[in-house]
Structures are given as C-alpha cells and as structure tokens.
Amino acid sequence: IALLNDCRPYREGEVAHDLLRIRAAFDRLKDGSADKQDFDRVAVAFNLAKIRAIEIDEALADELESAQDAMIRCKERFKKHGHFGFDGCGLQACEYALEAHETILEASSHKQMQNAMEAARKAIKLQTKHGQQLAQLLE
C-alpha cells in the first residue's frame, strides 16, 4: 500500500499549503522584503521543477533554466544591495517558472518529487552543469 501511495499523483489540495508558502516567498522576493529562507524556498522549487521538466519536455526544461539564471541575478542583487529583486526579464522567467512548478508538482507523485530531490543532490555532488548552477543558488 505504501508503495502504491508513493506512486499516485498528489490529491487535489494536498500540496496547496506548500504552493502558498512558495508563492508568498516569491511575492516577497519581488517586493524586496524576502530573506534567505524565502530565496531558498523559491530556488529549490524551481530546481525541482526543472529536474522534473527534463523528464517531461526538454523545451520546458530550457525555459526553466532562464528562471534559474534570473534567481542567480536576484541573489547577486542581494549581495550588492542587501535586498532581493528581479530585472524585467528575470521577473517574467520566474513568473513562468512558478506556474510551471505548480503544474508539475500537482501532476507528480511523491516518489517523483523525492527522485527529483535526489537528482539535485547528485548533480551538486558530481558538479554537472546543472549541479554547478544549483550549487551557486544554494551557497
């Protein structure tokens, strides 16, 4: 039963609380009131979405990479100015990534998301191109 439960998509509303927390963190990133925890919450969501997107559609994964690049610029802005924020292109890329993350998460199973987290850890450890990008976001 546990194995079957891991492989079913999330039930409607099952991840709603998590999605609201990610969206609220993103809103704080946009208005400059975010802290590092908000940044990390959004960065991890985008990274997991990209890993799942690689399994789903390479074009979608490419689109999500633009959001990862925008998050790196957002973090650089924090290091220079003491607050997070986006440039115009970055904001558009991240809005798209947030919607994609929500859609992907709602259509995924718990096991698929666990596998995505393991893939992220492995990419960082092996220092693949994607892993370097992940490590840069999480440093």
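Ala, Val, Leu, Ile, Met, Phe, Trp, Tyr, Cys and Pro count here as nonpolar, Asp, Glu, Lys and Arg as charged, and the others, Gly among them, as polar. The structure is a predicted model, in which local features need pLDDT of at least 70 and side-chain atom pairs count only at pLDDT 80 or more, while totals for chains, interfaces and linings use all residues. Residues are numbered from 1 along each chain as its sequence is written, and side-chain values use heavy atoms, with hydrogens and water left out.

**View 1. The protein as a whole has 7 helices and 0 strands.** Along the sequence the pattern reads α-α-α-α-α-α-α. Helices (H or I, at least four residues) and strands (E, at least two) are DSSP runs, numbered from the N terminus. Of the 139 residues in the protein, 40% are buried; buried means under 20% relative accessible area, exposed over 50%, and partly exposed in between, with a 1.4 Å probe and protein chains only. The protein exposes about 7800 Å², and carbon and sulfur atoms supply 55% of this area. Accessible areas come from the Shrake-Rupley method with a 1.4 Å probe, and for residues only the protein chains shown count as cover. Among contacts (heavy atoms within 4.5 Å) between residues at least 6 apart in sequence, 69% join residues at least 24 apart.

**View 2. The largest pocket holds about 280 Å³ of space.** On a 1 Å grid over the protein atoms alone, a pocket is an open set of points with protein on both sides within 12 Å along at least five of seven lines, and lining residues have an atom within 4 Å of a point. Grid points are joined across faces, edges and corners, and the volume is the space filled by probe spheres set on the points. The lining comprises 15 residues, of which Asp-18, Ile-22, Leu-48, His-101 and Leu-105 lie nearest the centre of the pocket. Two or more lining residues come from each of helix H2 (16–31), helix H3 (36–56), helix H5 (88–107) and helix H6 (110–126). By class, the lining has 9 nonpolar, 3 polar and 3 charged residues.

**View 3. The largest nonpolar core contains 27 residues.** Such a core is a set of buried Ala, Val, Leu, Ile, Met, Phe, Trp, Tyr and Cys residues joined through side-chain atoms within 4.5 Å. Leu-29, Phe-46, Leu-64, Met-71 and Cys-94 touch the most other members. At least two residues of this core are supplied by each of H2, H3, helix H4 (58–81) and H5. Apart from it lies another core, of 8 residues, among them Val-15, Leu-48, Ile-51 and Leu-105. In soluble globular proteins, nonpolar side chains tend to be buried together.

**View 4. Cys-94 is placed in helix H5.** Cys-94 counts as buried because its relative accessibility is 0%. Leaving aside neighbours within four places in sequence, Cys-94 is in contact with Phe-26, Phe-46, Ala-67, Ala-70, Met-71 and Phe-86. Cys-94 and Ala-70 are 24 residues apart along the chain, and their C-alpha atoms are separated by 7.1 Å.

**View 5. Leu-64 is placed in helix H4.** With a relative accessible area of 2%, Leu-64 is buried. Its contacts, neighbours within four places in sequence left aside, are Ala-49, Lys-50, Ala-53, Ala-97, Ala-100 and Ile-104. A separation of 9.5 Å lies between the C-alpha atoms of Leu-64 and Ile-51, which are 13 residues apart along the chain.

**View 6. Glu-118 belongs to helix H6.** Glu-118 is partly exposed, its relative accessible area being 47%. The C-alpha atoms of Glu-118 and Leu-48 are separated by 9.7 Å, with the two residues 70 apart along the chain.

Notes: On a 1 Å grid over the protein atoms alone, a cavity is a set of points where a 1.4 Å probe fits but cannot get out, and a pocket is an open set with protein on both sides within 12 Å along at least five of seven lines; lining residues have an atom within 4 Å of a point.
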